[in-house]
Amino acid sequence: MANNEEHFKNVISHSKEYGFIFQSSEIYDGLSAVYDYAQNGVELKKNIREYWWKSMVQLHENIVGIDAAIFMHPTTWKASGHVDAFNDPLIDNKDSKKRYRADVLIEDFLAKIEAKIDKEVEKAAKRFGETFDEAMFRQTNPRVLENKQKIEEIHTRFKNALEANDLTEVRQIIVDCEIVCPVSGSRNWTEVRQFNLMFSTAMGSVAEDASVIYLRPETAQGIFVNFLNVQKTGRMKIPFGIAQTGKAFRNEIVARQFIFRMREFEQMEMQFFIRPGTEMEWYAYWKETRLKWHHALGTPANKYRFHDHIKLAHYANAACDIEFEFPFGFKELEGIHSRTDFDLKQHEQFSGKKLQYFDPELNQSYVPYVVETSIGLDRMFLALLSEAYKEEKLEDDTTRVVLNLPAFLAPIKVAVFPLMNKDGLPEKATEIFNMLRFDHMCTMEEKDNIGKRYRRQDAIGTPFCITVDPQTLEDNTVTIRERDSMKQERVAISDLPGIIEQKVSMRKILERL
Ligand code: ATP
């Protein structure tokens, strides 16, 4: 089993080699932290989006979808707080001239201490063997306790500094922790500065008349400004939700880890409008509901965990992340935030329009509270891909690379192969392909021997391969081979639609939610 770093490298090169993800504008040496989805990637991405959309919009009678524009009136971003507060603290190393997020430097430093503790535990576990009591060791070992205390102290200092927006103190923490630049190895740091993450452009053809507008850094605001339009035209009653998927743009300072952190990415967000005072119930409801959505995919439950925010964003009164164990560790995959009435109130104030709901049961108008669920489609893609990528040793001592993606998400569901490229087999294969393609993404392959064709389909996660051979022409049966078990079965052509549907249907997964 390759280690995590190697595993991640393999996933990245596999993504390119098998047509999932390409670097943007690669022939010009690429554009940093921008990626293109290729022929297989676009299918997988579309299927994930559809799974999200159906679970949110189709299965909830009180949630509807919209598709708002990327460009919004500039005042939107004043109201939302993004113009003034959508910043990352950045710091430069004077020797390497490299730029870092100050908070990330500190968090990485804390993770290193955490890793030291884990090493200590691992060593002790080896030394004591079966009698080892890990919980007891963590509570009593002096070195573990010392490191735990260190983490606690830095954490508290960091949290206070962020809350007070004290950038001098943030820098001082970096200095006091003796954090060095990973490139130059020096501690020659600049001051910490705030850097706004929004991209801007100009709208209008004449320079003097042009006004600065932003590329949206989140899709949520398109929902807030349409709250009343949707509520009125859809005759929605609180509680109700508005869902949206679409592109968002952030000028990330440190863009790395492949499609984990991009400058152009896609979000799937849902804002749930509720009665003030009920937000903690709904917050708990959406935490549970969203985790279920992840678990229904069959990924081991221990790959997910909740992480409560230390520092709440300016709009939130409770917030957590669903973290996933990526090859580079547990990281945020989805955010669930109780946003209070902050956004709608701000838009009321800046637009001068009332954004209130008349609650017939209470006989009273109010600005609704909001609980939001927000997941990055690209991050979900990376989570699935890195989990699905397997290098399997087979009985004959060869290795196969297989993506055991949940079958309903696989880019291609069925590959049809004529065993030989003659004797009417390609024509029969085309017939089968034509029968299945109305329901599923299918492909036909005629080149190379069957073994090689199987491997190519395994590598892109195709759940079924169907082989047409001379016997097919006699009795209308084919062999169907399943990706994970590699089992082959001879079945009647007329049974194929049922067998395939049974395995690749999204319905069965949706029923688990
Ligand atoms: P992070 O702390 O990783 O920067 P965030 O807390 O700023 O993320 P949110 O503003 O809560 O993220 O956005 C919601 C979701 O959008 C995130 O959970 C993540 O999945 C996704 N996301 C945010 N920024 C990016 C990015 N630069 N590239 C890809 N996905 C992103």
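Is E218 buried or exposed? E218 is buried, with a relative accessible area of 6%. Buried means under 20% relative accessible area, exposed means over 50%, and partly exposed is in between, using a 1.4 Å probe and protein chains only.

This is a predicted model, in which local features need pLDDT of at least 70, side-chain atom pairs count only at pLDDT 80 or more, and totals for chains, interfaces and linings use all residues. Residues are numbered from 1 along each chain as its sequence is written, and side-chain values use heavy atoms, with hydrogens and water left out.

**Overall layout**

The protein has 18 helices and 23 strands. Helices (H or I, at least four residues) and strands (E, at least two) are DSSP runs, numbered from the N terminus. The C-alpha atoms fill a box of roughly 80 × 65 × 55 Å along the principal axes. Of the 513 residues, 50% are buried.

**E218 and its partners**

E218 sits in the loop between β8 (211-214) and α9 (220-224). Its side chain makes a polar contact of 2.9 Å with the side chain of Q221. The side chain of R339 also makes a polar contact with that of E218, at 3.5 Å. A polar contact is a pair of N or O atoms within 3.5 Å; within protein, one must be able to donate a hydrogen and the other to accept it, and residues adjacent in sequence count only if both atoms are side-chain atoms.

**The ligand site**

The ligand is surrounded by 15 residues, and the closest are E252, R261, M262, E332 and L333. A residue counts as near if one of its heavy atoms lies within 4 Å of the molecule.

On its own, the ligand has 600 Å² of accessible area, and the protein covers 85% of that. Accessible areas come from the Shrake-Rupley method with a 1.4 Å probe; for residues, only the protein chains shown count as cover. Which elements give two or more residues to the shell around the ligand? They are β10 (264-274), β13 (329-340) and β16 (369-376). β13 gives the most, with five residues. By class, the shell has four nonpolar, five polar and six charged residues. Here Ala, Val, Leu, Ile, Met, Phe, Trp, Tyr, Cys and Pro count as nonpolar, Asp, Glu, Lys and Arg as charged, and the others, Gly among them, as polar.

**Helix α2**

Helix α2 (residues 39-58) has 20 residues. From first C-alpha to last, α2 reaches 27 Å, close to the 28 Å expected at 1.5 Å a residue. The expected span is 1.5 Å times one less than the number of residues. Buried residues of α2 include L44, I48, Y51, W52 and V57. Also among them are E43 and K45.

**Cysteines**

How many disulfides are there? The count comes to zero. A disulfide is a pair of cysteine sulfur atoms within 2.5 Å. The sulfur of C442 is 11 Å from the closest cysteine sulfur, in C465, so that pair is too far apart for a bond. C442 counts as buried because its relative accessibility is 11%. C320 is buried too, at 0% relative accessibility.

**Strand β23**

V491 lies in strand β23 (residues 488-492). V491 is buried, with a relative accessible area of 9%. V491 and F265 are 226 residues apart along the chain, and their C-alpha atoms are separated by 43 Å.
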